[in-house]
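Good morning, and thank you for coming.

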Amino acid sequence: SSGINAEWPLRPGGVSKAKELIFTGRNVMGEEAEKIGLVNCCVEQNEEGNAAFVKAMEMASVLQERGPVALRMAKKSITEGFEAGPIRAGLDVEHECYLGVIPTTDRIEALMAFKEKRKPNFKGE
């Protein structure tokens, strides 16, 4: 383990900023929302009025190339790890999710694709 787990960035400052926004009722605009991690990104509106949709589709295109098992385990690790409480419990969840990826054919495919310098062909298995 690297010592930095997937839920680590979610903890520092999160609760204090949430309290500030909830207690004050202050509105947060796009750039600030991105800066404080409330949204993933902020985009300038385009002429068609669908800039957020276009950005979401770009992100979906990137995710589509990733291994579905690994994405599922990463999502579980982040969500359950964050909800687990102490960092140690979060690390345990992350380790459990990592062990869930080890026996998959997608993991072997990722390693082979890396070795052969090609894109992997994931099957979600």
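Let me begin with Thr104, which touches Val69 and Glu125, leaving aside residues up to four places away in sequence; contact here means heavy atoms within 4.5 Å. This is a predicted model, in which local features need pLDDT of at least 70 and side-chain atom pairs count only at pLDDT 80 or more, while totals for chains, interfaces and linings use all residues. Residues are numbered from 1 along each chain as its sequence is written, and side-chain values use heavy atoms, with hydrogens and water left out.

Thr104 lies in the loop between α5 and α6 (105–116). Helices are DSSP runs of H or I, at least four residues, numbered from the N terminus. With a relative accessible area of 10%, Thr104 is buried, a term for values under 20%, with a 1.4 Å probe and protein chains only. Its side chain reaches the backbone nitrogen of Arg107 at 3.2 Å.

I turn now to the helix pair. How do α4 and α5 pack? Helix α4 (residues 68–83) and helix α5 (residues 87–101) meet at an angle of about 165 degrees, their axes 8 Å apart. That makes α4 roughly antiparallel to α5, the term for angles over 145 degrees. On the α4 side, the contact includes Val69, Met73 and Glu80, and on the α5 side, Gly90, Val93 and Cys97 are among the residues met. By class, the contact of α4 with α5 has six nonpolar, three polar and four charged residues.

Conventions. Axes are lines fitted to C-alpha atoms, for helices over the stretch in contact, and angles run from 0 to 180 degrees between N-to-C directions. Helices (H or I, at least four residues) and strands (E, at least two) are DSSP runs, numbered from the N terminus. Angles under 35 degrees count as roughly parallel, over 145 as roughly antiparallel, 65 to 115 as roughly perpendicular and the rest as oblique. Ala, Val, Leu, Ile, Met, Phe, Trp, Tyr, Cys and Pro count as nonpolar, Asp, Glu, Lys and Arg as charged, and the others, Gly among them, as polar. Buried means under 20% relative accessible area, exposed over 50%, partly exposed in between (1.4 Å probe, protein chains only). A polar contact is a pair of N or O atoms within 3.5 Å; within protein, one must be able to donate a hydrogen and the other to accept it, and residues adjacent in sequence count only if both atoms are side-chain atoms.
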